[in-house]
Amino acid sequence: MFLEDRRSDTEFEKVLVDATELANDLEIDPVFVADSIRLRKKKRQFDYEGKDTPVQNAKLNFKVNFYFAVLDVTINSVLERFQQLQQMKSVFGYLYDVKSLNGVTNTQLMEHCIKLKTAIRNGESKDIDATDLCHELQAVARRLQPDTVTPLDVIKFICEQGLVHSVPNTFVALRILLTLPVTVASGERSFSKLKLIKMYLRSTMTEERFVGLAMVSIENEIAQKVDLKNLVADFAKKKARKAHF
């Protein structure tokens with residue numbers, strides 16, 4: 001992995017060379033400054049405990065406690081994300097190209113549908129029926145146009161053709177796929193937006209206003225196209241308390 005290759009003393013020295021050049025361009029002295037705080041000694045409770053050997057060299061301290069630490073956190077996050085993607089692909093992978101299901105045998109497609117049904121069921125409650133989903137996917141695959149490739153294109157095709165009630169299992173499966181945070185960044189962006197909106201200065205915000213601001217923030221592109229003058233005028237008319245005689 002690219003990040004794992006960067007976790008070495010040789011790569012660290014290369015980073016220092018680049019950082020030194022950048023510091024010189026910014027007219028900053030490229031020198032590691034040692035921490036002036038006195039190091040605390042931890043009292044040992046047992047004799048077999050090893051003595052603490054704090055890193056006093058500023059350069060070595062930066063490499064161990066910052067450079068390697070940041071790389072370790074990044075590598076673990078990336079590995080965790082790819083493991084989730086692999087698990088998701090094993091369950092939902094065949095739905096990424098519904099058009100290609102025309103060349104899949106009925107037995108293979110049924111195995112995929114059973115695996116999906118098992119993965120998303122909750123006890124005795126289930127969202128889809130494997131047999132119905134298999135037949136629906138075969139029917140939808142035959143009707144798709146060559147340019148209908150992605151799951152989003154398929155679900156748009158289903159809505160535009162009025163097939164939502166005809167292929168309910170396919171519609172539910174595609175909706176679950178498109179709303180998984182591990183597959184799309186929109187789910188994660190929505191949570192990050194909530195943290196920006198509801199901060200300690202707005203801790204008493206009502207739920208209705210909170211949801212409205214979150215929607216405006218997430219759908220920023222659509223909000224930019226709204227005519228604010230007409231919007232304010234409509235709001236003023238509805239909230240006006242003047243009596244007309």
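With which side chain does the side chain of Glu136 make a polar contact? The close-up views below, taken from a predicted model, start with that residue.

**View 1. Glu136, a buried residue of helix 5.** The place of Glu136 is in helix 5. Its side chain makes a polar contact of 2.9 Å with the side chain of Asn169. Glu136 is buried but has no salt bridge. Arg175, the nearest side chain of opposite charge, is 11 Å away. Beyond its neighbours within four places in sequence, Glu136 is in contact with Ser166, Val167, Pro168, Asn169 and Thr170.

**View 2. Asn169 of helix 7.** Asn169 is placed in helix 7. Asn169 counts as buried because its relative accessible area is 9%, and buried means under 20%. A polar atom of the Asn169 side chain lies 2.8 Å from the backbone nitrogen of Asp129. Not counting residues up to four places away in sequence, Asn169 touches Asp127, Ile128, Asp129, Asp132, Leu133 and Glu136.

**View 3. The largest nonpolar core.** This core has 30 residues, and those with the most contacts inside it are Tyr94, Leu95, Leu116 and Leu137. At least two core residues are supplied by each of helix 3 (58–92), helix 4 (106–120), helix 5 (130–143), helix 6 (151–160) and helix 7 (168–178). Helix 5 gives the largest share, six residues.

**View 4. The surroundings of Leu95.** Leaving aside neighbours within four places in sequence, Leu95 is in contact with Leu116, Leu137, Pro151, Ala173, Leu174 and Leu177.

**View 5. The second core.** This core is separate and has seven residues, among them Leu3, Phe12, Phe68 and Ile75.

How values were computed
Residues numbered from 1 in each chain as written. Predicted model: local features only at pLDDT ≥ 70, side-chain atom pairs only at ≥ 80, totals over all residues. Heavy atoms only, no water. Core = buried A, V, L, I, M, F, W, Y, C linked by side-chain atoms within 4.5 Å. Buried < 20%, exposed > 50% of the residue type's maximum accessible area, 1.4 Å probe, protein only. Helix = DSSP H or I, 4+ residues; strand = E, 2+ residues; numbered from the N terminus. Contact = heavy atoms within 4.5 Å. Lys, Arg positive; Asp, Glu negative; His and termini not counted. Salt bridge = Lys/Arg side-chain N within 4 Å of Asp/Glu carboxyl O. Polar contact = N/O pair within 3.5 Å; in protein donor to acceptor, adjacent residues only side chain to side chain.
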